[in-house]
Amino acid sequence: MRISVIGAGSIGGTLALRWARLGHEVRLANSRGPGTLAGLVAGTSVAASRIEEVATGAEAVVLSIPFGAVAALPGEVVASFPAGAVVVDTGNYVPHRRDTVIDAIEAGQVESMWVAEQLGRPVVKAFNTIGAASLRDKALPAGAPGRVAAPVCADAERDRRVCSSLVDDAGFAPLDAGPLAGSWRQQPGTPVYTADLPPAEAVAALAAAQPDHTTAWRSAWAS
């Protein structure tokens, strides 16, 4: 698959390198330019790219940037996402510490639906429940016992299916969590968030989620 990753931090960089090792055609970009990625991609098949060009021809575009930075993506970058590409949002809203306060989300809008609104196109919510250390160290092949589940939310079944294959390749058990509006159940503070649960327990954790779990988590960050 042709995968473009925007954001080369501990999530985006790890995913890009892992997918490339499996034979995917991966391009990686950040806001500082391809020259800053030389050390990360050296000796791999990952192609460092300008952010304005990274999505050209992509079948999947993975956004792994600070949550609030989504609204600041240049219009030409968003316009370059191919019409048929699956766009994956891996981010989490962290107000007061990393992100400026977003009134719509504070008023109850689901984080990933805000992202879709900023981009003007559908997105898939995935990879946001797995911390950087677990993403790096807990990947296991399909069928391995103890594999960590990763919920995948999107309105289109096709988008969930494509993203689920990426989750599987990344070393985690994809869990179809339904439409995007339900992705609040995997937001920070909910029972599934960074809990590294196997699939059956992750299903129960999603069902047990309450909106005030995320509200409490944000309040803790603000204090």
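Guide: Helix α5, residues 111-119, lies across β4, β5 (86-89) and β6, and runs at about 135° to β5. The model is predicted, so local features need pLDDT of at least 70 and side-chain atom pairs count only at 80 or more, whereas totals for chains, interfaces and linings use all residues. Residues are numbered from 1 along each chain as its sequence is written, and side-chain values use heavy atoms, with hydrogens and water left out. Helices (H or I, at least four residues) and strands (E, at least two) are DSSP runs numbered from the N terminus.

The sheet itself is open and is formed by six strands in the order β3-β2-β1-β4-β5-β6, with parallel pairing (at least two DSSP bridges between two strands). Its edges are β3 (47-48) and β6 (124-125); each has a single partner strand, so one side of each is left without a neighbour in the sheet.

Within this order, strand β1 (residues 2-6) runs parallel to strand β4 (residues 60-63), and four bridges join the two. In this pair, V5 of β1 stands opposite V62 in β4. Helix α1, residues 12-21, packs on the sheet and touches β1, β2 (25-29) and β4 (contact: heavy atoms within 4.5 Å). The direction of α1 makes about 160° with that of β2; axes are lines fitted to C-alpha atoms, for helices over the stretch in contact, and angles run from 0 to 180 degrees between N-to-C directions.
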